[in-house]
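Try each task yourself before you read its solution.

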Amino acid sequence: MRRATAFATAFGATRSVYEALRRRAPGDPARWQRTNYAGRTVDLYAGPATAVGAALGTSGPAALAVVAAGACGAYDDLKGDHRRGFRAHLGALRQGEVTSGAVKLFGIGAAGLAAGTLLKERPVDRLLAGIVIAGTAHLVNLVDVAPGRAAVAVLGIGAPGLLRRGAAGALAAAPMGAAAAIVTEDLGERTMLGDTGAHALGAALGTAIAAGNGRAGLAVHAAALITAAVYGDEVSRLAGSPM
């Protein structure tokens with residue numbers, strides 16, 4: 001029942017916010033539009049909609065991680081300078097310039113550690129949980145390079161979590177409900193998650209993974225996510241893709 005409630009709450013809230021933004025989005029309409037890889041104009045409404053849906057579908061540490069990750073992603077969506085890779089952003093930081101990528105890196109990292117501290121009792125487990133939460137947020141954003149890919153990834157990665165008992169199952173259901181609510185529009189190239197939605201969904205999913213694993217599982221997931229981040233950063237830099 002907890003899983004079904006979390007899924008339904010996230011799904012319904014995401015749809016409600018998405019439709020409300022379609023009817024009347026605040027501010028300049030041009031700020032909500034982007035040109036996708038195929039040259040089509042799509043909106044960014046799915047981003048805040050899924051962030052709100054995932055946050056309302058969960059609570060506690062997961063809600064904290066979702067809100068913080070979504071806020072950092074929104075900042076990048078609105079203010080991003082699209083430098084390539086973490087190294088470019090860290091290099092700019094060493095020169096005294098705080099880029100949107102640096103805000104995401106440290107903001108989502110801090111949110112992940114805060115959520116991990118609330119989830120786990122021992123310092124090592126808290127650190128590993130923080131890495132998993134922040135790393136999963138980055139991973140979902142990393143795969144968001146084509147219509148629907150991030151939403152489908154959330155559904156696929158989250159599905160095994162539904163089999164877990166206790167809080168972990170409900171935590172996995174929330175990002176899945178939010179992703180399911182907009183996946184059709186995303187695949188149809190009418191909307192996109194942007195950094196707001198990708199990071200928010202990833203943080204929610206990462207919290208579910210962290211909640212459902214002990215130290216050994218956390219260590220394996222953390223190592224895999226760090227490897228993916230390093231590899232993705234290199235590919236992004238070489239391919240010229242924006243972070």
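**Exercise 1. Describe how helix α7 (residues 149-158) packs against α9 (194-211).**

Step 1. Two packed helices are described by the angle between their axes and the distance between the axes. Axes here are lines fitted to C-alpha atoms, for helices over the stretch in contact, with angles from 0 to 180 degrees between N-to-C directions. Helices (H or I, at least four residues) and strands (E, at least two) are DSSP runs, numbered from the N terminus.

Step 2. The axes of α7 and α9 come within 11 Å and cross at roughly 10°. The two helices are therefore roughly parallel to each other; angles under 35 degrees count as roughly parallel, over 145 as roughly antiparallel, 65 to 115 as roughly perpendicular and the rest as oblique.

Step 3. Look for contacts, meaning heavy atoms within 4.5 Å. V154, I157 and G158 in α7 meet L201, L205 and I209 in α9. By class, this contact has five nonpolar residues, one polar and no charged ones. Ala, Val, Leu, Ile, Met, Phe, Trp, Tyr, Cys and Pro count as nonpolar, Asp, Glu, Lys and Arg as charged, and the others, Gly among them, as polar.

A note on the model: it is predicted, so local features need pLDDT of at least 70 and side-chain atom pairs count only at pLDDT 80 or more, while totals for chains, interfaces and linings use all residues. Residues are numbered from 1 along each chain as its sequence is written, and side-chain values use heavy atoms, leaving out hydrogens and water.

**Exercise 2. Find the span of α9 and decide how enclosed this helix is.**

Step 1. α9 has 18 residues and reaches 26 Å from its first C-alpha to its last. That is close to the 26 Å expected at 1.5 Å a residue; the expected span is 1.5 Å times one less than the number of residues.

Step 2. Count the buried residues (under 20% relative accessible area; exposed is over 50%, partly exposed in between; 1.4 Å probe, protein chains only). In α9, 17 of the 18 residues are buried, so the helix is largely enclosed by the rest of the structure.

**Exercise 3. Which residues of the largest nonpolar core touch the most other members?**

Step 1. A nonpolar core is a set of buried Ala, Val, Leu, Ile, Met, Phe, Trp, Tyr and Cys residues joined through side-chain atoms within 4.5 Å.

Step 2. The largest one has 26 residues, and W32, Y45, A54, V66, I182, L193 and L201 touch the most other members. Elements giving two or more residues to this core are α1 (2-23), α2 (46-56), α7, α8 and α9. The most come from α2, with five residues.

Step 3. Zoom in on A54: not counting residues up to four places away in sequence, A54 touches A10, V66, A174, A178, L201 and A204. A second, separate core of 18 residues includes I133, I209, A210 and A222.

**Exercise 4. Where is E189, and is this residue buried or exposed?**

Step 1. E189 sits in the loop between α8 (167-187) and α9.

Step 2. With a relative accessible area of 18%, E189 is buried.

Step 3. Check the backbone: E189 has a positive phi of about 60° although it is not a glycine. Most residues other than glycine have a negative phi.

**Exercise 5. What does G161 contact?**

Step 1. G161 lies in the loop between α7 and α8 and is buried, with a relative accessible area of 14%.

Step 2. Leaving aside neighbours within four places in sequence, G161 is in contact with A168, G169 and A172.
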